[in-house]
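Please read them with the structure open beside you.

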Amino acid sequence: MPHRLARLLEVQSLDMELAALESRREEVPRRRAEVTREITELEAERGEKEQALEHGRLARRGKESDLELQRERLAKYERQLGEVRTNVAYSALLSEIQRAKREIGQLEDEILDLMGEREDQEKRIAELSGMLAEKRSAAAGELEELAEEAREIERAAEAARSKRDQLASEIQPALYRMYDRLRRGRRFPALVPMRGHACGACHSSLPPQVVREIQHEGAFHPCEACGVLVYAAPEVEPASAATPRGTT
Ligand SMILES: [Zn+2]
């Protein structure tokens with residue numbers, strides 16, 4: 001290809017390929033998070049349930065020791081009942097006995113509630129563990145595919161990069177620098193074919209003299225409106241000159 005820009009166009013198309021590979025590479029962690037999202041959520045719920053289970057266990061232990069104390073008090077009062085001498089002392093003791101019985105009843109209810117909660121929590125934890133095992137094995141294949149895809153992207157990028165660097169070294173340095181400056185300045189693609197008599201990037205029309213200049217093989221001209229390098233594509237469609245592309 002005698003076109004003076006041919007090599008640079010190849011570099012540009014490799015740069016585009018590299019940019020596409022880069023955005024695919026950036027997608028991988030997001031897709032991985034999507035695959036593992038449910039697993040992460042289930043793990044979080046199981047963690048919460050396990051914590052609640054532990055809190056319940058400690059609360060129950062506290063209530064059981066309170067219950068033990070109340071039972072001892074009750075037994076002591078009941079023993080004292082036979083030893084009191086006055087009616088006042090007797091009725092005071094009876095009301096203490098009533099109070100201890102009430103507290104015992106209440107503690108027993110609370111302990112039963114805690115046992116019920118524990119049963120529910122243990123059931124849910126077992127359920128979550130089963131779901132986690134299932135989801136983990138279902139995700140394993142997908143995660144392996146993603147890892148393989150990431151490796152494949154890496155290989156393709158490496159190949160494209162070394163080919164690109166080789167080609168870039170064969171380009172006239174001044175031309176390459178011009179391209180590279182545009183590329184780094186986010187004017188990309190930096191080399192854009194002329195469309196009709198207009199810039200292929202921003203569609204502003206080019207002065208006739210510039211058009212004539214561009215139509216020389218291998219020539220290019222910076223677009224005054226947007227700065228890209230406009231060149232004449234080797235495969236210019238004659239019809240495109242007549243269609244008002246500038247309006248699209
Ligand atoms: Zn332009």
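**Notes on the model**

1. Helix 3 (residues 173-184) consists of 12 residues and spans 16 Å from its first C-alpha to its last, close to the 16 Å expected at 1.5 Å a residue, where the expected span is 1.5 Å times one less than the number of residues. Helices here are DSSP runs of H or I with at least four residues, and strands are runs of E with at least two, both numbered from the N terminus.

2. This is a predicted model, in which local features need pLDDT of at least 70 and side-chain atom pairs count only at pLDDT 80 or more, whereas totals for chains, interfaces and linings use all residues. Residues are numbered from 1 along each chain as its sequence is written.

3. The loop between helix 3 and strand 1 (191-193) contains Pro 189, and the peptide bond from Phe 188 to Pro 189 is cis, with omega near 0°. Arg 186 is found in the loop between helix 3 and strand 1, and its phi is near 65°, a positive value in a residue other than glycine.

4. Helix 1 and helix 2 (residues 87-169) pack at an angle of about 165° with their axes 6 Å apart, the axes being lines fitted to C-alpha atoms over the stretch in contact and the angles running from 0 to 180 degrees between N-to-C directions. Helix 1 and helix 2 are therefore roughly antiparallel to each other, a description used for angles over 145 degrees. Their crossing is left-handed, that is, the near helix is turned anticlockwise from the far one by less than a right angle. The residues of this contact of helix 1 with helix 2 divide into 36 nonpolar, 6 polar and 37 charged, with Ala, Val, Leu, Ile, Met, Phe, Trp, Tyr, Cys and Pro counted as nonpolar, Asp, Glu, Lys and Arg as charged, and the others, Gly among them, as polar.

5. The protein is divided into domain 1 (6-169) and domain 2 (173-247), with bounds from an automatic or database domain assignment. The contact takes 6 residues from domain 1 and 7 residues from domain 2, two residues being in contact if their C-beta atoms, placed from the backbone, lie within 7 Å.

How values were computed
Parallel < 35°, antiparallel > 145°, perpendicular 65-115°, else oblique.
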